[in-house]
Amino acid sequence: MKSGVTINSQLIAPCGINCGICLAYLRDKNKCEGCWGSDASKSKSCATCKIKNCEDLATIDSKFCFDCAKYPCSKITHLDKRYRTRYKMSNIDNLQLVKDYGLEKFIQLEKIKWSCKSCGGTICVHRGYCLDCHNISNKVASIKN
């Protein structure tokens, strides 16, 4: 795999999740292209995601949920609770960072946060360790600036 952290604006989902650290994006077979990519290699749940396919989101220029009048809606808060509980990551915190500092600064922070200190690979949000060297001493701590 030995990929290094690859994150760009096309990998930041409207809900604030960084698709570049997702197991489906990082795997070698049937690699997902991220939220904004083709639905062909996505799981059914990702392709039919209620957030990605939200009618309100389609009317928002920024394409981020934080610009929606209904934000945070129940879909976002449910996702946030699940990711906080299971993966120690918050899509709502991510959206706040994008809103406060801009997408480019958020991407810079994400590259630092999810880069393996041992080999430079990517720490997978769903596994909690580097998929290249399997180092678990890199477990991610929340970045708050």
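Where is Lys70 found? In this predicted model, Lys70 sits in the loop between H2 and H3. The residue is exposed, with a relative accessible area of 53%. Lys70 and Asp56 are 14 residues apart in sequence, and their C-alpha atoms are 8.6 Å apart in space. The side chains of Lys70 and Asp56 are joined by a polar contact of 2.9 Å.

Salt bridges were examined next. A search of the whole structure finds five of them. Side chains of opposite charge can pair when their charged atoms come close. Asp39 takes part in a salt bridge with Lys42, in which the closest N and O atoms are 2.9 Å apart. Asp39 also forms a salt bridge with Lys52, and here the closest N and O atoms are 2.6 Å apart. Asp39 belongs to the loop between H1 and H2, whereas Lys52 belongs to the loop between H2 and H3, so this pair ties together parts that are 13 residues apart in sequence. Asp39 is partly exposed, its relative accessible area being 34%. Lys42, at 11%, falls under the 20% limit and is therefore buried. Lys52 also counts as buried, with a relative accessibility of 16%. A further salt bridge links the side chains of Asp93 and Arg84, at 3.3 Å from N to O. Asp93 is partly exposed, with a relative accessible area of 22%, and Arg84 is partly exposed at 39%. Through salt bridges that share partners, Asp39, Lys42 and Lys52 are joined into one network.

The loop between H1 and helix H2 (44–47) also holds Cys32. Cys32 is buried, with a relative accessible area of 9%. Leaving aside residues up to four places away in sequence, Cys32 touches Ala24, Tyr25, Arg27, Ser41 and Lys42. Cys32 and Cys19 are separated by 13 residues in sequence, and the distance between them is 8.8 Å from C-alpha to C-alpha.

The nonpolar interior was then considered. In soluble globular proteins, nonpolar side chains tend to be buried together. The largest nonpolar core in the model has 39 residues, and Cys15, Ile17 and Met89 are the members that touch the most other members. At least two residues of this core come from each of helix H1 (23–26), helix H3 (74–87), helix H4 (91–101) and helix H5 (103–113). For Ile17, the contacts beyond four places in sequence are with Leu11, Ile12, Leu79, Tyr83, Met89 and Asn91.

Helix H4 was examined in more detail. Asn91, Asn94, Leu95, Leu97 and Val98 are buried in H4. These residues cover an arc of only 160° around the axis, which means that they lie on the same side of H4. H3 and H5 are included in what covers the buried residues of H4. At the start of H4, a side-chain oxygen of Ser90 comes to within 3.3 Å of the backbone nitrogen of Ile92. Just after H4, Gly102 adopts a positive phi of about 95°.

How values were computed
Residues numbered from 1 in each chain as written. Predicted model: local features only at pLDDT ≥ 70, side-chain atom pairs only at ≥ 80, totals over all residues. Heavy atoms only, no water. Core = buried A, V, L, I, M, F, W, Y, C linked by side-chain atoms within 4.5 Å. Buried < 20%, exposed > 50% of the residue type's maximum accessible area, 1.4 Å probe, protein only. Helix = DSSP H or I, 4+ residues; strand = E, 2+ residues; numbered from the N terminus. Contact = heavy atoms within 4.5 Å. Salt bridge = Lys/Arg side-chain N within 4 Å of Asp/Glu carboxyl O. Polar contact = N/O pair within 3.5 Å; in protein donor to acceptor, adjacent residues only side chain to side chain. Arc of directions from axis to C-beta.
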